[in-house]
Structure formats: structure tokens, C-alpha cells
Number of protein chains: 2
Amino acid sequence: MESPAQAGTAGPASPRRRRVGREERERQILGAAVAVFAERGYANASMDAVAERVGVTKPVLYTHFGSKEGLLLACVAQARTELLDVTSAAAAAAAGPEEMLRLGTRAFFTFLDERAAAFSLLYSEASIAADAVEGIRAQQTDFIAALLGAAAPDADTRRLQGWAQVIVGACERLAVWRAQDRRVTVDDATEYLMDLAWTGLRDRASGADRASGTLSG
Amino acid sequence: MESPAQAGTAGPASPRRRRVGREERERQILGAAVAVFAERGYANASMDAVAERVGVTKPVLYTHFGSKEGLLLACVAQARTELLDVTSAAAAAAAGPEEMLRLGTRAFFTFLDERAAAFSLLYSEASIAADAVEGIRAQQTDFIAALLGAAAPDADTRRLQGWAQVIVGACERLAVWRAQDRRVTVDDATEYLMDLAWTGLRDRASGADRASGTLSG
DNA sequence: GGCATCAATCTACCCGTGGTAACTTACCGT
DNA sequence: ACGGTAAGTTACCACGGGTAGATTGATGCC
């Protein structure tokens with residue numbers, strides 16, 4: 001109800017309105033959005049809250065990202081790029097299939113460790129950005145399938161894809177588990193993945209159990 | 001805008017308002033909710049839509065389930081019970097660790113196949129019911145860890161939990177993959193899981209690659 | 001330096017949807 | 001029959017996503 005000419009909310013040092021370039025503003029908004037979405041959850045995060053954090057008002061967000069979901073998608077897209085960079089760099093440094101699997105897995109866990117906000121975006125708000133997150137998984141799956149194909153040339157494409165799905169799913173779950181129980185280190189998680197994916201339980205199952213050897217027909 | 005005394009929507013045989021017992025009504029609502037949530041997605045599903053499908057009005061849903069989220073949680077809880085029933089029954093029929101892993105995995109995929117709506121609830125709306133779905137995973141993880149403990153008595157508890165996380169994560173991912181590509185059968189998915197979890201990639205990686213044997217230090 | 005121009009930004013608003021208060025009515029026991 | 005109670009309804013509020021139109025700050029032109 002105040003006269004708009006006054007607008008005397010508070011800002012003493014702020015000349016009431018600062019104009020900022022497009023790229024800069026979008027970076028600011030993305031950063032604020034990741035933070036707000038991560039700490040309040042997508043559903044409970046209001047656009048006003050994101051806007052306030054940036055220091056602007058709601059319509060600004062809409063001119064840049066179109067909708068609330070668009071904003072979330074932009075956040076996810078950013079995380080996607082970073083994730084592929086990190087894991088492919090790790091795999092490139094490996095000298096053989098086992099090390100590739102180990103270093104790539106390790107890089108994944110480390111990335112999520114360092115980027116806690118991105119983590120909660122990807123694995124807590126998955127249902128809203130379902131398609132985008134599936135896109136990330138497809139990216140990782142294709143990448144891993146290609147690596148596996150080099151290590152096991154006699155396996156057909158479908159099987160390679162299936163193995164990659166197993167690894168991606170296992171890593172996701174281990175990551176969430178680690179977030180719940182901080183005593184599980186990156187190396188622990190990597191080791192457990194290697195136990196199954198590389199070694200296989202057959203070698204770890206004791207013969208103490210009935211007939212464990214006679215069943216593998 | 002019609003006079004409420006007429007209520008002439010359609011129902012010729014319906015005496016304008018039928019009273020239904022509590023249990024029966026809750027069953028109806030749960031069924032409608034699963035369907036509506038699955039086909040429109042939780043965020044885009046309105047309580048009015050669920051109510052209309054049941055043939056009642058909104059407040060009825062609230063007297064029974066308290067909130068929209070409460071309704072979703074009830075759906076998830078129901079799926080949880082059924083899932084444990086199905087997988088534990090399958091494992092109980094197995095004669096050894098390998099068969100247990102195989103039959104349990106197979107039962108999981110089959111269950112999701114038959115209950116497509118429950119599937120999309122559990123793996124598409126995960127972020128809203130995050131805690132509840134995590135509870136389901138914990139249930140499955142504990143169950144699998146117990147089975148693994150019998151097969152590998154010399155593995156410590158943490159490692160068993162880690163292995164169980166790997167298996168649960170891998171199965172989830174394989175299930176989603178199957179939903180996207182229907183050419184992947186239940187047996188395919190089960191086999192790919194067994195390739196890694198039971199056999200291990202080491203046995204499938206050809207020696208053609210450089211130094212695959214010399215790195216396992 | 002002064003002014004036109006354009007885009008960035010704000011104010012004020014709409015409307016769909018989750019959620020609730022208060023009234024009504026069908027069924028059940030007596 | 002008849003009252004009590006639980007099942008249902010209508011009518012409403014509030015909050016948050018999304019938008020139209022006024023506003024203002026930087027930029028270039030003279």
C-alpha cells in the first residue's frame with residue numbers, strides 16, 4: 001500500500017535496484033536454486049525463496065528459466081556435465097579394466113562427497129526431474145558399457161548394457177547408503193562394489209553352506 | 001451450478017449418496033490413488049481427481065489419510081508389504097546361495113512386471129515419499145544381507161550390508177531399464193545381475209586387454 | 001551533457017490446488 | 001419410529017506458481 005515511488009523496504013547502501021548481466025544473473029540464480037532446493041526439498045522450496053536469496057523478485061526467475069521445473073532442470077543439467085567430466089577423467093587414468101572400474105567408481109563417490117547439494121538434487125528430487133536424471137544415468141551407462149566392451153569383447157551389446165546398469169544402480173545405492181552412515185568411507189564403498197562386480201560372490205561364498213558348489217549348472 | 005437436491009450427474013441407480021464402511025472405502029481410495037498417481041504423476045495428480053475416481057468428495061480423502069502425502073505414503077506402505085512377501089517366498093524356495101540370489105532377483109522383477117502401477121509409484125515418485133521408499137530399501141537390504149551372511153560367514157556385517165546395497169541398487173536400475181526397453185526379459189535381467197554379483201567380471205574379462213591380470217594387487 | 005531506447009526489474013494480480021469448518025444425511029441399535 | 005453417530009457434502013481459506021503492465025537503470029546517439 002506504500003507509494004511505489006518510495007519503496008522503502010530497507011536497502012540503505014543498495015541503490016534500490018542493481019542491473020546485472022544475463023550470464024552473471026543466471027549463474028547467481030542457479031547457485032541459489034541448488035542451495036534452496038537441497039536444503040528445503042524441491043516441493044517445499046518456493047520460487048520466492050530462491051528469488052529472495054538472489055536479491056531479486058520472482059518474475060526474474062521466470063524470464064531466465066521459464067518455470068520452477070525449468071529451474072530444477074537447469075540445475076540437474078549442470079550437475080550432469082560435471083559428473084561425466086569427473087568419471088571419464090578417472091577412467092582415462094586407469095591401466096586396465098579392474099583399475100578402470102575401481103577408479104571410476106571411486107571418482108563417482110568422491111564427486112558426490114564434495115558436492116553434497118548436487119547429490120541431494122540428483123538422488124532426492126529425482127521424481128520431478130525424472131527424465132533429466134534418467135538422461136544422466138544413460139550417459140553414465142553408455143560410458144561404462146563402452147569401457148566394459150573393451151574388457152570383454154565376446155559379450156554382446158545388450159549384456160554390456162545390462163552390466164553397466166548393474167554398476168550404475170549399485171553405485172547410486174552405495175552413495176545413498178554412505179550419506180546415511182558416514183562411517184562408510186569412499187574406499188569401503190568402492191571395495192564392496194568390486195567384491196561383487198569384479199570378483200563375484202561365488203569366490204566368497206564358503207563351501208560350508210549346503211551344495212553351493214553343485215548348483216552352479 | 002445445479003441445485004444440490006438434484007445432483008443429477010448421472011447415477012440413475014445411485015440414491016444420491018451411498019454410505020460405505022471404513023475399510024472398504026479406504027481400499028477404494030488406495031486403489032484409485034495408485035492409479036491416479038501412476039498415470040498423472042504425483043505432482044500433477046489432484047486430490048479432486050482421486051476423489052472423483054472413487055465417487056466421493058475431497059474431504060473424505062482427508063478424513064481417511066490426513067494429507068496428500070499421507071495418501072501416497074499409504075500406497076507405498078502397501079507396496080512394501082507385498083514386495084517383502086514375494087521376495088522372501090522366492091528365497092525360501094531356494095536350495096543354495098546362488099539359487100537364492102537368482103530366484104529372489106527373479107521374483108523382484110516379476111513382481112514389478114505384474115504391478116506396473118506400484119512400480120511407477122516406487123521408482124518415479126521416490127522424492128516425495130523418499131523416507132518411505134528408503135524404508136523399503138532398508139527392508140530389502142537387511143533381508144539380503146541376512147541371506148548373504150549365511151552364504152559367506154567370514155564376511156563382517158558392514159561388508160554384508162554393502163553387498164546387499166549393491167544388489168538392491170542393481171536390481172532397481174535393471175528394473176527401470178526393463179521398463180524402458182521391453183525387449184529385456186526377466187531372465188535377461190536376472191542373468192546380468194548374476195554375471196556380476198555371482199560370477200564377477202574378472203572371469204569374463206578377456207586377457208586380450210593389457211595387464212588385466214597383473215593389476216589386482 | 002542531455003535525451004531516447006531498450007531490456008532488466010518490480011508491483012500487483014490471477015487461479016489452481018491442498019486443506020478445513022460447519023452443516024447434512026444415511027445407516028444402526030433399541 | 002427415533003435418536004446418535006459416523007460418513008459425506010458444500011463452501012470456503014491460504015499459499016504458491018505463474019503473468020501483465022508499469023518502472024527504472026544502463027547504453028548509445030546527437
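Student: To begin with, which helix among the elements of chain A has the lowest mean pLDDT, and which the highest?

Tutor: Happy to! Keep in mind that this is a predicted model. Among the elements of chain A, the lowest mean pLDDT, 76, belongs to helix α6 (residues 116-124) of chain A, while helix α2 (residues 47-54) of chain A has the highest, 93. For chain A as a whole the mean pLDDT is 80, with 84% of its residues at 70 or more. Two stretches call for caution. Residues 1-15 of chain A stay under 50 in pLDDT, and the model gives them four contacts beyond four places in sequence. Residues 208-217 of chain A are also below 50, and this stretch has 13 contacts beyond near neighbours in sequence.

Now to the rings. Searching the whole structure turns up six aromatic pairs over all chains. One of them joins A:W177 and A:Y192, with 6.1 Å centre to centre and 45° between the planes, a tilted arrangement. This pair links distant parts of the chain: A:W177 sits in helix α8 (residues 157-180) of chain A and A:Y192 in helix α9 (residues 186-199) of chain A, 15 residues apart. A:W177 counts as buried because its relative accessibility is 8%, under the 20% cut-off. A:Y192 is buried as well, at 5% relative accessibility.

Rings also meet charges here. A:K68 lies over the face of A:Y42, 4.5 Å from the ring centre. In chain B, B:K68 lies over the face of B:Y42, at 4.4 Å from the ring centre.

Definitions and conventions
Residues numbered from 1 in each chain as written. Chains lettered and ligands numbered in written order. Predicted model: local features only at pLDDT ≥ 70, side-chain atom pairs only at ≥ 80, totals over all residues. Heavy atoms only, no water. pLDDT = per-residue confidence, 0-100. Helix = DSSP H or I, 4+ residues; strand = E, 2+ residues; numbered from the N terminus. Contact = heavy atoms within 4.5 Å. Phe/Tyr/Trp six-rings, centres within 6.5 Å; stacked < 30°, edge-to-face > 60°. Buried < 20%, exposed > 50% of the residue type's maximum accessible area, 1.4 Å probe, protein only. Lys NZ or Arg CZ within 6 Å of the ring centre and 35° of its normal.
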